[in-house]
Amino acid sequence: MSAEVEIVTHPSMRGKVAVVTGGARGMGAEFATGLVAQGVNVVIGDINADAAAETAKRIESEAPKDGGRVVSARVDVTKRADQAALAQFALDTYGVLDYWVNNAGIFPQAGILEIDEAQLDSTFGVNVNGVLFGVQAAAAAMGDRGGAIVNMASVSAFRTRATRGTYGASKAAVDHFTHFMAVELGASGIRVNAIAPGFVDTDMLAWIHETPGVLEQALTTVPLGRLGTTKDILSVMLFLLSDSAAYVTGHTLIIDGGSRLN
């Protein structure tokens, strides 16, 4: 059973400024596209500078006439100085910073007995340190003007599947970190929430289509009986950034079609 998600227009977002990390492709590119369509001016940050520039150019060419602007910059999210420079680039380009989306992430797989130092370092470096450094950079740039931050967690933070221990642990850390961020930044008017997608049909989930029967088996765990779409996730991200969620902070919204229950 499929459903077409209607993207709600949030007038309060028009003219605001957002940074999206990992925005060159996949869910990050969808976020950047959706924000520009809402009239938000966007900075795409990605470790692949060329891909980020190409994505920004494509989004700009396809944007509605009343859409926002979009530029790109290289960032290694595992480096605190890079994230601070990305926030400064947003300020230099647009004058203010209102929103920040910590989207950059990696999805390693290995059994518990096979996990090594390299996998731990890379996964936590991107998925956890990258989120923390992004929030630090965003909060410094937003100051007491306030703003809204969305972190990318995962349903893997709340369920157990073999070979996904490092990834699940990193996303559980994002969920818990989000609580602390919301508490400590609330006095500055900065809201911090997270979204936890389940099976979403993006490049990161390409493996599910590669082996016959895997997709069908996966869908038996999803009460709604379908993969999530990028629009399913985009609609929630926009809501959490917008003034429609003005009294929502420290929350992780699970978007998984009910799969965590199986």
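Arg260 and Asp256 form a salt bridge in which the closest N and O atoms are 2.8 Å apart. A salt bridge here is a side-chain nitrogen of Lys or Arg within 4 Å of a carboxyl oxygen of Asp or Glu. The structure is a predicted model, in which local features need pLDDT of at least 70 and side-chain atom pairs count only at pLDDT 80 or more, while totals for chains, interfaces and linings use all residues. Residues are numbered from 1 along each chain as its sequence is written, and side-chain values use heavy atoms, with hydrogens and water left out.

**Salt bridges**

Side chains of opposite charge can pair when their charged atoms come close.

| Arg260 | Asp256 | 2.8 Å |

Helices (H or I, at least four residues) and strands (E, at least two) are DSSP runs, numbered from the N terminus.

The accessibility of the partners is described by relative accessible area: buried means under 20%, exposed over 50%, and partly exposed in between (1.4 Å probe, protein chains only). Asp98 is buried at 7%, whereas Arg145 is exposed at 52%.

**Packing of α1 and α2**

Two packed helices are described by the angle between their axes and the distance between the axes. Helix α1 (residues 26–37) packs on helix α2 (residues 49–62) at an angle of about 35°, and the axes are 10 Å apart. Axes are lines fitted to C-alpha atoms, for helices over the stretch in contact, and angles run from 0 to 180 degrees between N-to-C directions.

From α1, Ala29, Ala32, Thr33 and Val36 meet Thr55, Arg58 and Ile59 of α2, contact being defined as heavy atoms within 4.5 Å. These residues divide into four nonpolar, two polar and one charged. In this classification Ala, Val, Leu, Ile, Met, Phe, Trp, Tyr, Cys and Pro count as nonpolar, Asp, Glu, Lys and Arg as charged, and the others, Gly among them, as polar.

Val36 of α1 is buried, with a relative accessible area of 1%. Leaving aside neighbours within four places in sequence, Val36 is in contact with Val42, Ile59, Ala63, Gly67, Gly68, Arg69 and Val70. Val36 and Met13 are 23 residues apart along the chain, and their C-alpha atoms are separated by 9.9 Å.

Helix α5 (residues 165–185) has 21 residues and reaches 30 Å from its first C-alpha to its last, close to the 30 Å expected. The expected span is 1.5 Å times one less than the number of residues. The buried residues of α5 include Tyr167, Lys171, Val174, Asp175 and Met181. The buried residues of this helix pack against α4, β5 (147–152), β6 (190–197) and β7 (252–255).

Thr221 lies in the loop between α7 (214–219) and α8 (230–241) and counts as buried at 15% relative accessibility. Not counting residues up to four places away in sequence, Thr221 touches Arg159, Arg161, Phe199, Gly258, Ser259 and Asn262.
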